Amino acid sequence: MNSTDLPEWHALAQRRRVLEPICIADLFDDDPQRAQRFSFEAASLTVDLSRNRIDSGTLRALVELAKAAGVPKQRDDLLAGAMVNTTEARPAWHTALRSPADRLMDPTWALRLSAERERFLDFAERLRASMVTGTVGLPLDTVVCLGIGGSDLGPRLVTEALGPVGRPHVRFAANLDPVDLDTALAGANPHTTLVLAISKSFSTLETLENLRAGLRWFKQQAPELDPAQHLAAVTSQPERATALGIDPSRVFTFPDWVGGRYSLWSACGLGIAVAHGRQAFSDLLEGAAALDAHFAQAPLESNLPVLLGMLGVWYVNFWGVQTRAVVPYAQRLARLPAYLQQLEMESLGKRVDRAGDPLSIDTAPVVWGEVGSNAQHSVFQFLHQGTGWVPLDIVLIADHEASHEPRLRLLNQFALAQADALAWGDTVLGDELQPSHRAAPGNRPSTLIRLAQLDARSIGALLALYEHRTFVQSVVWNINAFDQWGVEIGKQLLARRTESSAR
Ligand code: F6P
């Protein structure tokens, strides 16, 4: 089924023509209740869509397209663990990792998942309690997480988002460039350091090379040290980790039906649990599970992932916008754009449909962003006065508005000022006509996503929201959001290069 064949698709093309001459300011003038009408809530998140190029009729038409494209059925399949990842013949059941056991239809998996969760959370708590020691009996109080892509971006984002880390220190290294690992090992004492290799496939070159470099570091720094006491791993291929000498009791696993970029909820999140504790990790899962429940049960008309997903389709396919920006107004969320780049572009960067036929429509936009308010002094010139316009997600923390810290109150005020300036442009400044070089045309869309507070529950809900938003778009575009075959060619050519240079 191609969505472009649906009458709902053509109805939206018609709506696009109608809305072309109407600007966001007019939409507010025509509807004094607009701010309330386009504000939606779920799981400690509030989403304000009012500064978008949509009216009520368009939102209804977008929801009708979601229904006609099969979003409800495919959502239910995803959440039930059906085989939605067709090219790898697997479910994409990352929601099972955070689902309360009694809500999981499959008691066998409920037991297996909770047992493994208990195992890695127990290890995290023993590290936090200085009960895990190294060769000379000293507690391991520096944990260096080696991983890349989904085995790094999510765990690192959440670890940083939850605030300063005490002991054990948790550090991350991903890049093949030795500078990354050297920085993570800088000042570390080999006798109190644990290297945690995180890799779903346990075959990723960067992570294995960094693991070997970590072993060399141990050898150089403390030749007497027994590396096996300073290593642990997280993977879907435990036999590969034990083959490298990692003690099976220190190898934590997750099912291969969890995609890398959807894996922070599994043992891949061990770094989060070591840094912030069992309760914080449980809260993270709870927040995400609350959003899953909303996605499963809320009517599509007020279903946050569906509304945001369909807004993405609206801008890409009906306005021809090829990028979208994300600006989190919280320093601790500085890594959110990088995390979303993998989540959305690796999931949606596809050119063939699920039957393998070339698509006639655009899919993934380029996702980019920077932390607010820094972004105001780099990319907002473009956002306000560039020739093209870019849909923008502004992520902000609601309780900053009542903070005793004036800079946090100002931060939120700045975010709202920017959203208004993008929507209304100069008209918000009054009637005085600006000289053209100063003129800001406005009519530039932004979505406000408010987290009640910057805590584990809200972060869990936010990331689950973006995961499901991504899935909704994949359904309408009829693409498989859970494979990433396109990454292989670069790896294959590297193998050829290294083979031929070895000869
Ligand atoms: O090359 C892309 C990719 O496979 C991502 O999908 C994945 O998150 C990353 O590499 C790391 O893979 P692994 O966890 O298997 O090391």
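User: What distance separates an oxygen atom of the ligand from an N or O atom in the side chain of Lys491?
Analyst: This is a predicted model, in which local features need pLDDT of at least 70 and side-chain atom pairs pLDDT 80 or more, while totals for chains, interfaces and linings use all residues. Residues are numbered from 1 along each chain as its sequence is written, and side-chain values use heavy atoms, without hydrogens or water. Between the side-chain N or O atom of Lys491 and the ligand oxygen, a pair of the kind counted up to 3.5 Å, the distance is 2.8 Å.

User: How much of the accessible area of the ligand does the protein cover?
Analyst: A polar side-chain atom of Gln342 lies 3.1 Å from a ligand oxygen, and a backbone N or O atom of Gly150 lies 2.8 Å from an oxygen atom of the ligand. On its own the ligand has 390 Å² of accessible area (Shrake-Rupley method, 1.4 Å probe).

User: At roughly what angle do the axes of helix α7 and helix α11 cross, and how are the two helices oriented?
Analyst: The axes of α7 (residues 153–161) and α11 (residues 270–297) come within 10 Å and cross at roughly 85 degrees; axes are lines fitted to C-alpha atoms over the stretch in contact, with angles from 0 to 180 degrees between N-to-C directions. Helices are DSSP runs (H or I) of at least four residues, and strands (E) of at least two. Given that 65 to 115 degrees counts as roughly perpendicular, α7 is therefore, relative to α11, roughly perpendicular.

User: How many charged residues does the contact of α7 with α11 have?
Analyst: Pro155, Val158 and Thr159 of α7 meet Gly271, Ile272, Ala275, His276 and Leu284 of α11, with heavy atoms within 4.5 Å. By class, five of these residues are nonpolar and three polar. Asp, Glu, Lys and Arg would count as charged, and of charged residues there are none: no charged residues.

Notes
Parallel < 35°, antiparallel > 145°, perpendicular 65-115°, else oblique. Polar contact = N/O pair within 3.5 Å; in protein donor to acceptor, adjacent residues only side chain to side chain.
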